[in-house]
Amino acid sequence: MESEFFMRPDLFWFILGLVFLLLELAIPGFVVFFFGIGAWITSLVCLLANPGLDLQIIIFSLTSVLTLLLLRRMLTNRFFSEGGKTPETLGDEFIGMDAVATVDIPAGSKGKVEFKGTLFNARATDDIKSGQTVEIIEKESINLIVKPKK
């Protein structure tokens, strides 16, 4: 069985490409995806022709790097940005969103709020009761500035 697997380079490259694509789900950065595409292109070339191992590695390397350089920015902008443009800072994503106070927070004091399942330090502009929905109006470093939701 093992010898059959290595006798079929098209199958080897296809499975390697599948592994790279699955790794992309676990590794952030949208880079490993292009190595998966390069492996699949190499698999297709091996299916249509019978290149030697050296040529297979060259095809894999070139197609992986070229697709990475030519397509990454375009695909990132298309699929991973909001409305075609990325926010200026991570804090821009928070502003205007709702969170829930987990403790009473007196005006001007610090407390904790839950936002998207994560606890954040927060400072209140007005008195806030535990369990009350608040609106995030600003983000300073790792602290959120919140006000009661109207």
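This is a predicted model: local features need pLDDT of at least 70, side-chain atom pairs count only at pLDDT 80 or more; totals for chains, interfaces and linings use all residues.
Ten aromatic pairs were counted in the model. One of them joins F20 and F60 in a stacked arrangement, with 6.2 Å centre to centre and 15 degrees between the planes. This pair links distant parts of the chain: F20 belongs to helix α2 and F60 to helix α4 (residues 53–79), 40 residues apart. F60 is buried, because its relative accessible area of 14% falls under 20%. F60 also pairs with F35. Here the rings are tilted, with 50 degrees between the planes and 6.2 Å centre to centre. F35 sits in helix α3 (residues 32–48), 25 residues from F60. With a relative accessible area of 28%, F35 is partly exposed.

Helix α2 spans residues 9–26 and includes I15. I15 also contributes to a nonpolar surface patch of about 780 Å². Other members of the patch include L11, F14, L18 and V19. I15 counts as partly exposed, at 35% relative accessibility.

Strand β5 (residues 143–148) is mostly covered, with five of its six residues buried. Two strands pair with β5. Strand β3 (residues 118–124) runs parallel to β5, joined by four bridges. A124 has V146 as its bridge partner in β5. Strand β4 (residues 133–140) runs antiparallel to β5, joined by six bridges. V134 stands opposite P148 of β5. A hairpin is formed by β4 and β5, with two residues between them. In the turn, S141 has a positive phi of about 55 degrees.

Technical notes. Residues are numbered from 1 along each chain as its sequence is written. Side-chain values use heavy atoms; hydrogens and water are left out. Patches are made of residues with over 30% relative accessible area and no salt bridge: like charges are joined within 9 Å, nonpolar side chains (Val, Leu, Ile, Met, Phe, Trp, Tyr) within 5 Å. Accessible areas come from the Shrake-Rupley method with a 1.4 Å probe; for residues, only the protein chains shown count as cover. A salt bridge is a side-chain nitrogen of Lys or Arg within 4 Å of a carboxyl oxygen of Asp or Glu. Buried means under 20% relative accessible area, exposed over 50%, partly exposed in between (1.4 Å probe, protein chains only). Two strands pair if DSSP finds at least two bridges between them. Rings of Phe, Tyr and Trp (its six-membered ring) pair if their centres lie within 6.5 Å; planes under 30 degrees apart count as stacked, over 60 as edge-to-face and the rest as tilted.
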